[in-house]
Amino acid sequence: MFFMKDNTLPEYYEFFNSVKVISGYKALENIPYELSQLGAKKPIIITDKGIVKAGLIKHVIKSFQGTKITIGAVYDDTPVDSSNVVVDEIAEIYRQKGCDSIIAVGGGSAIDTAKGVNIVISEDSDDLLKLMGNNRLTKPMKPFVVIPTTAGTGSEVTMAAVIANPSKNVKMQFTSALMLPKLAVLDPRMTLSMPARITAATSMDALTHAVEAFIGPQKNPISDAFATAAIELIRDNIVDAVKHGGNADVRLAMANAALLAGLAFSNSMVGIVHAAAHATGGICHVPHGVANSILLPHGLDLYIRKSGEAKKALHLKQNIEKVLLPLAGPEQYMKVPARERAQGAVKAIRDLTANLNKICGLPVRLSQAGVIENSLPEIAQATINDGAIAFSPVEVSYEEALALIKAAF
Amino acid sequence: MKKKKEYREIVPSESWFKSTLVRITLYLLGLGIQEACNLDPRAKKEMEKLPDPFTFSIGIHDGIAATVQKKGGKMKYLRVINEKIQADLELRFKNLEYTYLAMTGRMSTPNLGYHFRQYIKGDLARMMTMIRIMNIAQTLLFPNIIVRFYIKKVPRLTVRTMINRVIAYINIFGLSAFK
Ligand SMILES: [Fe+2]
C-alpha cells in the first residue's frame with residue numbers, strides 16, 4: 001500500500017486452522033469418543049510395517065476396547081514414499097469394508113497417503129492427477145484423525161500432501177484447506193521408539209518450519225505465537241529427546257513443538273531453506289529433516305546478506321535477530337549486542353547442529369549426506385523452481401541458489 | 001418494525017471505472033505474455049518448460065479473466081474468452097477491488113499472494129514459471145517505475161529491453177488498432 005506503517009503488525013493477514021488437538025497421557029483413548037461425535041462408526045487405520053513392528057498399533061487398537069466402533073481394516077503396507085498406487089489400493093479396501101473415516105498412524109508418508117485416500121474417496125475420483133495442485137478439491141472430506149509417530153513434519157495440522165506418481169515420474173502436490181484433519185492426537189507412547197538420528201533430523205525439520213515461518217512474508221501475530229512457542233520447546237528438549245529417547249515428557253514436548261511449528265508454517269509458509277531441501281531430497285534423496293538441518297544456517301546467512309533488498313515492511317533482518325530470543329533464551333539474548341543478534345541466531349543453530357552431529361552423527365554438510373558435487377547445479381535449478389521460493393522474503397537467483405548449495409556442500 | 005416487503009434484495013452494482021480499467025490491464029497483460037514469449041529469450045525458455053497444450057488464466061474470482069494458451073510451441077493470447085476452456089492453471093484475485101489495486105500498482109503482486117488476496121488453482125511449480133514470464137511481460141510493457149510495485153526485484157534496464165519494449169508496443173497497439 002501507499003501508506004505502509006513501520007509497524008510489526010502486517011497491514012493484512014489471514015490465519016486458518018480447524019484441527020482439534022488432543023495431547024497428553026492416554027490421549028489415544030479419546031479417539032473413539034471423538035469419532036462418534038463426528039458420526040463415524042468404522043475407521044480404516046493407515047500405517048506402515050515399522051509402526052506395527054514397534055508395537056504402536058496395538059495401543060491404538062486397544063483404545064477402542066469396549067466401544068461401539070469397529071476398525072474396518074489396518075492397512076500396514078504404506079511404503080516410505082507415498083504413491084498413487086498405494087492410495088488407490090487403500091481406497092479400494094476402504095470401499096470394500098464399508099469404512100466411513102480414516103485414522104493415519106505414522107510419519108509423513110502414512111499421513112500423506114491417508115490424505116490422498118481421503119481425496120480419492122471424498123472426490124469420488126479414480127485419478128489423483130486431475131486433482132493435483134492448489135485448491136482443486138471441492139467436496140467435504142471424511143472424518144480424518146492423525147496420530148503422528150515422528151515429531152517433525154507437522155502434517156497433522158497442515159493442508160498439504162505430496163504423493164508420488166512413479167509411472168509418470170512426478171511428485172503430485174495437493175493443497176486445500178479441505179484436507180485438514182479433524183483431529184490430531186499427540187500421545188507420548190507414540191513417539192518413544194524413534195531412533196536418535198531420526199529424532200534429531202525430524203526435530204530440525206520442525207525447527208526449520210518455525211524459523212522460516214517466523215521470518216516469512218506471511219508471518220502474523222498468530223503464526224508468530226506458535227512459531228516462538230515451538231522454538232522454545234525445541235531449544236529446551238531437542239538434545240534430551242535425542243539422548244534420552246525413552247523419556248515420555250521430553251517426547252511429548254517435541255511432539256507439541258512439531259505441531260506448533262506446523263500450525264505456524266501452514267499459515268506463514270516456508271522459504272529458501274525448504275526450497276533447497278526439497279530440491280536436495282528430490283535429486284539426491286537426502287532425508288528432508290537432514291537437508292533442512294544442514295541448509296538452515298546457510299539459508300539464514302543468505303537472508304542476512306540480502307536483507308537490504310527485502311521490502312522494508314518485511315523487517316527481515318530484525319526478524320532474524322528476534323529469532324535469537326526463543327532460540328537461545330533471554331539471558332543469552334541479552335549478552336549478544338543488538339547488531340550481532342542476526343548472526344548470533346545463525347551461530348546458535350550451527351552450535352546446535354554441531355552438537356547433534358557429535359551425539360548421533362547428524363550430517364552438517366551435504367557432502368556427508370550423500371550429495372555428489374556434480375549434482376549441485378541441478379539442485380540449484382530445482383531450488384529456484386520449487387514452490388516454497390515464492391515465500392522467500394527476497395528474490396533468489398540461480399547463481400545465489402548455487403552459492404548457497406555450494407556453501408552447504 | 002419494518003414490513004416484510006421492505007426488506008429488499010441488493011443486487012451488486014457494477015463498478016464501471018474499475019472493471020474497465022481491470023479489463024484493459026488484463027488485456028495488456030495477456031498480450032504482454034504472448035509478446036514476451038515471442039521476443040524475450042528468457043521468457044521463451046521459461047515457456048518451453050510448460051506442457052503443450054497448456055492454458056493459463058488470470059483474473060477475478062467468478063469474473064473476467066485473460067487467458068493465454070501455449071499450443072504448438074507458441075504462446076497465444078486468447079482474445080475471446082471461451083467459457084468452455086478449462087484452464088490448466090488459474091490465478092484469481094478474490095475481489096475486483098484487489099485486482100484494481102494491484103493493476104494500478106497500489107498493491108504489489110507478491111503482497112497479494114502473501115495476504116491470501118488471490119488464490120492459485122493448479123500446480124504451484126507451473127505458477128512459478130508463469131510468474132517469471134509475467135514479470136518479464138511486465139518489464140516489457142510498463143516503465144520501471146511502475147514495475148517496481150509488481151515484482152520483488154526490478155531487472156536492470158538494458159538496450160535490449162528498450163528495443164523489445166518498442167516492438168511489443170508496436171505489436172500490441174499497432175496490430176490491435178489495425179485488425
Ligand atoms: Fe519440512
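In this predicted model, helix α3 of chain B is followed by Gly105(B), a residue whose phi is positive, near 70°. The helix itself covers residues 96-103 of chain B, and its buried residues are Thr99(B), Tyr100(B), Leu101(B), Ala102(B) and Met103(B). At the other end, where α3(B) starts, a side-chain oxygen of Asn95(B) comes to within 2.8 Å of the backbone nitrogen of Glu97(B).

**Chain B as a whole**

- Chain B contains 7 helices and 5 strands, and, read from the N terminus on, these elements follow one another in the order α-α-β-β-β-β-α-α-β-α-α-α.
- Chain B has 179 residues, and 46% of them count as buried.
- When the contacts in chain B with a separation of 6 or more are considered, 68% of them are accounted for by residues 24 or more positions apart.

**Where chain A and chain B meet**

- How many residues of each chain are in contact with the other chain? On the side of chain A there are 27 residues, and they are in contact with 29 residues of chain B.
- Between chain A and chain B an area of about 2,400 Å² is buried, and carbon and sulfur atoms give 52% of that area.
- Across this interface there are 2 salt bridges, and one of them joins the side chains of Lys94(B) and Glu14(A), with a distance of 3.7 Å from N to O.
- The count of residue pairs in polar contact between chain A and chain B is 5, where both residues of a pair have pLDDT 80 or more.
- On the side of chain A that touches chain B, the strand β5 (133-134) and the helix α14 (376-385) each supply at least two residues.
- The largest share of that side of chain A comes from α14(A), which provides 3 residues.
- Sorted by kind, the residues of chain A that touch chain B divide into 11 nonpolar, 9 polar and 7 charged.

**Salt bridges in chain A**

- Side chains of opposite charge can pair when their charged atoms come close.
- Over all chains, the structure holds 20 salt bridges, and the pairs described next are among them, each lying in chain A.
- Asp236(A) forms a salt bridge with Arg235(A), and the closest N and O atoms of this pair are 2.9 Å apart. Asp236(A) counts as partly exposed, at 47% relative accessibility, and Arg235(A) is also partly exposed, with a relative accessible area of 30%.
- A salt bridge also joins the side chains of Arg339(A) and Glu340(A), at 3.4 Å from N to O. Arg339(A) is exposed, with a relative accessible area of 67%, whereas Glu340(A) is partly exposed, with a relative accessible area of 38%.
- Where do Asp351(A) and Lys347(A) lie in chain A? Both belong to helix α13 (residues 341-360), and because they are 4 residues apart in that helix, they are separated by about one helical turn. The side chains of Asp351(A) and Lys347(A) meet in a salt bridge, at 3.0 Å from N to O.
- Elsewhere, salt bridges that share partners join Glu29(A), Asp187(A) and Arg189(A) into one network.

**A glycine in helix α10 of chain A**

- Is Gly289(A) buried or exposed? Gly289(A), which is found in helix α10 (residues 288-306) of chain A, has a relative accessible area of 9% and is therefore buried, since buried means under 20%.
- If its neighbours within four places in sequence are left aside, Gly289(A) is in contact with Ala201(A), Met204(A) and Asp205(A).
- Although Gly289(A) and Met204(A) are 85 residues apart in sequence, their C-alpha atoms are 5.9 Å apart in space.

Notes
Residues are numbered from 1 along each chain as its sequence is written. Chains are lettered from A and ligands numbered from 1 in the order in which they are written. Side-chain values use heavy atoms; hydrogens and water are left out. Buried means under 20% relative accessible area, exposed over 50%, partly exposed in between (1.4 Å probe, protein chains only). Contact means heavy atoms within 4.5 Å. Buried area is the accessible area (1.4 Å probe) that two parts lose on being put together, summed over both. A salt bridge is a side-chain nitrogen of Lys or Arg within 4 Å of a carboxyl oxygen of Asp or Glu. A polar contact is a pair of N or O atoms within 3.5 Å; within protein, one must be able to donate a hydrogen and the other to accept it, and residues adjacent in sequence count only if both atoms are side-chain atoms. Ala, Val, Leu, Ile, Met, Phe, Trp, Tyr, Cys and Pro count as nonpolar, Asp, Glu, Lys and Arg as charged, and the others, Gly among them, as polar.
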